[in-house]
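Trainee: I have a new model open. How should I read its main features?

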Amino acid sequence: MPTLRAAALALMLLSVSPVTAFAGEMPVPDTIAAPGETVVLSAHAEGAQVYECKTGSDGKLSWAFREPIATLMVDGKTIGRHSAGPNWEDSDGSAVVGKVAASVPGATLADIAWLKLDVVSSRGSGILSGVTTVQRINTQGGKLEGVCDKAGATRSAPYSAQYVFLRKG
């Protein structure tokens, strides 16, 4: 199984578009690229992915993703928050809510996926106004492993990522 995942990651890395990479970061795979869109903001996030112990369709308990909780930072300064929705809010009061449009695996088995999210709603007139796409890239951590033995229990897994906010045109 690890060989299959390594092969999938190698294939993903071979299909990336280098023109969508930021300095010092891995290129963004074509699957989650946003051609023709312009970067409005790129923010580093530090936080946790929260999971809840739930009964699956097979009748067994397992960890299910519940919500993210993260601080958004630029140059080491807090500029906003990321939370359930998924929702991103800047300190200027502008905010967007996204819906997953595409994903690719994280770089390691412990890393949550890289995502492309389409903005489905927004509010405010600040920096996030007019944003149409959000990318979650360069993820580290965030996956939860282990036994889940009590329905309703919650656990969190620390993660970091880069969130890139883009607009058409």
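Mentor: Begin with one cut-off: a residue is buried when its relative accessible area is under 20%. C53 has 2% relative accessibility, so C53 counts as buried. Keep in mind that this is a predicted model.

Trainee: Is C148 buried or exposed?

Mentor: C148 is at 8% relative accessibility, so C148 counts as buried.

Trainee: What joins C53 to C148?

Mentor: The general idea comes first. A disulfide is a covalent bond between the sulfur atoms of two cysteines. Here, a disulfide joins C53 to C148, with S to S at 1.7 Å. The link of C53 and C148 is right-handed, with 100 degrees about the S-S bond. C53 sits in strand β3 (residues 37-55) and C148 in the loop between β9 and β10, so the pair ties together parts that are 95 residues apart in sequence.

Trainee: How many strands close into the barrel, and in what order?

Mentor: There are 8 strands, in the order β3-β4-β5-β6-β7-β8-β9-β10, and the pairing is antiparallel. Neighbouring strands of this sheet are turned by 30 degrees against each other on average, direction ignored.

Trainee: Which residue is the bridge partner of I137 in β10?

Mentor: Q162. Strand β9 (residues 133-141) pairs with strand β10 (residues 154-168) over 7 bridges, in the antiparallel sense.

Trainee: How many bridges join β6 to β7?

Mentor: 3 bridges, between antiparallel strands at residues 87-90 and 95-104. E89 has A95 as its bridge partner in β7. The hairpin of β6 and β7 has 4 residues between the strands, and G93 takes a positive phi near 95 degrees there.

Trainee: And where does V100 stand?

Mentor: V100 is opposite L117 in β8. β7 and β8 (residues 114-123) pair over 9 bridges, again antiparallel.

Key
Residues numbered from 1 in each chain as written. Predicted model: local features only at pLDDT ≥ 70, side-chain atom pairs only at ≥ 80, totals over all residues. Heavy atoms only, no water. Pairing = 2+ DSSP bridges. Helix = DSSP H or I, 4+ residues; strand = E, 2+ residues; numbered from the N terminus. Axes fitted to C-alpha atoms, helices over the stretch in contact; angles between N-to-C directions. Disulfide = S-S within 2.5 Å. Buried < 20%, exposed > 50% of the residue type's maximum accessible area, 1.4 Å probe, protein only.
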